[in-house]
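Dear colleague,

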Amino acid sequence: MTNTEQDRWSRVKGRLRTSVGEDVYTSWFARMDLEAVQDESVHLSVPTRFLKSWIQAHYADRVLTCWQAEMPEVHRIDLTVRTAMRCAAPAKEATAPADQRRIEQANGRPAPELRATATAPVSASHDALGGSPLDPRLTFASFVIGRSNTLAHAAARQVAEGRRGDAVMFNPLYIHAGVGLGKTHLLQAVTWAGNSGSERKVLYLTAEKFMYGFVAALKTQTALAFKEALRGIDVLVIDDLQFLQGKSTQAEFCHTLNALIDAGRQVVIAADRPPSDLESLDDRVRSRLAGGLVVEMGSLGEELRLGILKSRVAAARAHHASFDVPEAVLDYLARTITHNGRDLEGAINRLLAHSKLNNQPVTLEMAEREVRDLIRPQEPKRIKIEDIQRVVARQYNVSRSDLLSSRRTANVVRPRQVAMYLAKTLTLRSLPEIGRRFGGRDHTTVLHAVRKIEALVARDTALSEEVESLKRQLQE
């Protein structure tokens, strides 16, 4: 390579760095080398096939544009993998496409392989592999730790601090919680930390984005490239798994999950319920998810809610130095807004807007007026089938395994029917799902049990009182 070509390559890299930003440049282009410049072609190389696929899918037109700014005559970018290149006669290989073009032009035929392929539109499937948008505020530094999320935070931190080649401790790491309790915050924190100064490639996708990418890849016949790119990720982070739909999409997710885990790559997943409750997912997927570390993030205690409020006030004060919320107001908000963390953040945003727009200090009276619609009645406790089985087994002096067994003795049949009845009336689970959780029974068996107990409760006062007692125990 001549000094002139080297200088030109340095200027192209400078343009590319300015165009895509420092982080993207470091992640994808730092290891790209110039091999040769020949006629209308530029020959570049990267060390891995995954890098080649990613750059071709996402940034080929950007690279071509940067080269054309230096050399308008360039119409083609050839990207190869260094490990796959033959060491002998690189100059001859580089000139082959140009020679072929001259021969075809001499014969009066076009040379389609030399068209500027870099200008082809990026397919939607590869757009999905760009990842879902990340919120720069959702980092480990801004995550407030409390009793309900300590284990989830520690596990996520462990994953984020891992290095390529390290033994994977928790795989997959599965975090589940209700709305607004911090799942997405933790997953995005893992992604930010993993992509910040790390040699690992971390990809954050919502389940919707994964589905969109896979379906688009099927339509554009690029499914193989989509799968290959996914399997090249070091840490795959999937949010809102409960929204994953479609048999083919779920099958592809299962194959990807297995391939990554078997290859020692990390998978982190979040959903609003445990794997066993994801009824729409294939049994194989549920089983694989349950085989990792499953962590529940519980509801926010008052102390944690107060910590979140103080954190949000401090973040707001960084941009509005005069903004202040008295302790009495913070205590009131922490005590009365119990639903989720997003309501707490919304309360601070309202107080900030009211204070700034009306030029008034924050007072308790203002807070009571501005956030009254955020004060919701306490949600009923979410009852699980496992809880019902445990309480019923204790009430009737049988074991949980008896309830799940095929035993037909009277001392087991009645408790089993009561437990099925409670599962149908106190949870949102379907009849087939309840049957599956009671030893793999058919949904007609569950329906029979529900109707039988309904009829008995209507005329048997003692049984009716027993059932009501069980409901109270489960709802306390």
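Helices here are DSSP runs (H or I, at least four residues), as strands are (E, at least two), numbered from the N terminus. This is a predicted model, in which local features need pLDDT of at least 70 and side-chain atom pairs count only at pLDDT 80 or more, while totals for chains, interfaces and linings use all residues. Residues are numbered from 1 along each chain as its sequence is written, and side-chain values use heavy atoms, with hydrogens and water left out.

Asparagine 397 sits in the loop that joins helix H17 (385-395) to helix H18 (400-404), and its phi is positive, near 60°, although the residue is not glycine. Asparagine 397 is exposed, at a relative accessible area of 72%, where exposed means over 50%, buried under 20% and partly exposed in between (1.4 Å probe, protein chains only). Asparagine 359, in the loop between helix H15 (341-358) and helix H16 (364-370), likewise has a positive phi, of about 55°, and is exposed with a relative accessible area of 71%. Most residues other than glycine have a negative phi.

As for the helix pair, the axes of H19 (residues 410-426) and H21 (residues 443-459) come within 8 Å and cross at roughly 95°, the axes being lines fitted to C-alpha atoms over the stretch in contact and the angles running from 0 to 180 degrees between N-to-C directions. H19 is therefore roughly perpendicular to H21, a term that covers 65 to 115 degrees, with under 35 roughly parallel, over 145 roughly antiparallel and the rest oblique.

With kind regards
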